[in-house]
Amino acid sequence: MRCKSLDFIFDLYFQQIPTMELEEITFSGWTAIEEKNLHAGEKPKDEKVYTMYHGTFLKYVQHIITSGFQRSRDGMLGSGVYVSRNIDKAKCYPLNADKKEAVVLKLKVRVGKVKKIDIDNHPLQKSWHQNGYDSCWVPPNCGVTAIKSGREEDCVWDPARIVVVDVACCLDDKTRWDLRKQIRGMNNHGAKDGCSQCHQNTSNTGSHPIQSCWTCTNQICPFQKKHVCNK
């Protein structure tokens with residue numbers, strides 16, 4: 001049996017609670033966040049942009065600058081582009097190459113979703129991409145026997161996530177200057193077969209899915225670094 005006095009108290013209490021109105025917050029756009037000072041021993045955070053390095057033969061550099069990277073067919077981490085935040089790791093490549101023929105490229109890499117591979121014979125060691133990951137990361141000194149130096153290693157599935165921004169190491173100064181000039185020209189004007197929005201080369205990766213922004217209706221590419229609606 002309910003008490004009428006309690007009913008009165010409950011009614012009075014709820015009548016005194018003010019009506020709350022939710023304020024609508026509108027946001028449209030995005031920007032890629034670049035982690036500049038993260039230590040190489042820390043796991044790359046999903047969807048962030050990092051400075052990384054790639055060592056290769058000088059004879060391949062011009063093609064990489066103009067046409068982008070190509071995935072390796074296989075490797076310790078399977079198919080992908082092999083890079084590292086540790087420049088000393090990149091300086092070891094290509095293996096057994098004459099220093100005059102080797103170049104280390106400085107890159108900006110959007111890692112996407114990252115899988116950590118820190119043991120030998122990891123179940124996803126070569127199938128991380130098929131399981132929904134964009135990149136994989138081997139931590140330094142984790143005990144993976146294939147990495148004798150103990151330095152970090154990363155593998156990126158989609159070459160479109162990688163942009164060449166500079167030449168970090170090149171023995172010949174004139175060659176380095178010429179390559180840097182070419183890199184600046186590509187980054188300023190986009191590759192010949194580049195995306196019209198993000199200006200990344202698409203000759204090896206296929207066209208990017210250009211869409212209309214749902215707010216401002218401008219054309220956007222999911223790979224571009226930043227988009228702000230102009231309403």
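This is a dialogue on how to read a few features of a predicted model.

Colleague: How are residues numbered, and which cut-offs apply to this predicted model?

Modeller: Residues are numbered from 1 along each chain as its sequence is written. Local features need pLDDT of at least 70, side-chain atom pairs count only at pLDDT 80 or more, totals for chains, interfaces and linings use all residues, and side-chain values use heavy atoms, with hydrogens and water left out.

Colleague: How many helices and strands are there in the protein chain?

Modeller: Helices (H or I, at least four residues) and strands (E, at least two) are DSSP runs, numbered from the N terminus. The protein chain has four helices and twelve strands.

Colleague: What share of the 231 residues is buried?

Modeller: Buried means under 20% relative accessible area, exposed over 50%, and partly exposed in between, with a 1.4 Å probe and protein chains only. Here 40% of the 231 residues in the protein chain are buried. Accessible areas come from the Shrake-Rupley method with a 1.4 Å probe, and for residues only the protein chains shown count as cover. The protein chain exposes about 14,700 Å², of which carbon and sulfur atoms supply 51%.

Colleague: What part of the contacts comes from residues 24 or more positions apart?

Modeller: A contact means heavy atoms within 4.5 Å. Of the contacts in the protein chain with a separation of 6 or more, 62% are between residues 24 or more positions apart.

Colleague: In what order do the four strands of the open sheet stand?

Modeller: Strands of a sheet pair through backbone hydrogen bonds, either parallel or antiparallel. Two strands pair if DSSP finds at least two bridges between them. In this structure, four strands form an open sheet in the order S4-S8-S7-S6, with mixed pairing. Strand S4 (81-83) and strand S6 (114-116) each have a single partner strand and stand at the edges, so one side of each lacks a neighbour in the sheet. From one strand to the next, the twist averages 25 degrees; axes are lines fitted to C-alpha atoms, for helices over the stretch in contact, and angles run from 0 to 180 degrees between N-to-C directions.

Colleague: Which strands pair in the parallel sense, and which in the antiparallel sense?

Modeller: S6 and S7 are parallel, over three bridges, and Val 114 has Ser 135 in S7 as its bridge partner. S7 and S8 are antiparallel, over four bridges. In S8, Cys 155 is the bridge partner of Cys 136, and Glu 153 is that of Val 138. S4 and strand S8 (residues 153-156) are antiparallel over three bridges, with Val 156 as the bridge partner of Val 81.

Colleague: Which way do the residues of S7 and S8 point?

Modeller: From strand S7 (residues 135-138), Ser 135 and Trp 137 point one way and Cys 136 and Val 138 the other, and all are buried. From S8, Glu 153 and Cys 155 point one way and Asp 154 and Val 156 the other; all of these are buried too.

Colleague: Where is Arg 71 found, and what does its side chain reach?

Modeller: Arg 71 is in the loop between helix H2 (58-67) and S4, and is partly exposed at a relative accessible area of 37%. A polar contact is a pair of N or O atoms within 3.5 Å; within protein, one must be able to donate a hydrogen and the other to accept it, and residues adjacent in sequence count only if both atoms are side-chain atoms. The side chain of Arg 71 reaches the backbone oxygen of Trp 157 at 3.1 Å. The C-alpha atoms of Arg 71 and Pro 159 are separated by 6.9 Å, although these residues are 88 apart along the chain.

Colleague: Is Ser 79 buried or exposed?

Modeller: Ser 79 counts as buried, at 19% relative accessibility. Ser 79 also lies in the loop between H2 and S4. A polar atom of the Ser 79 side chain lies 2.7 Å from the backbone oxygen of Ser 72.
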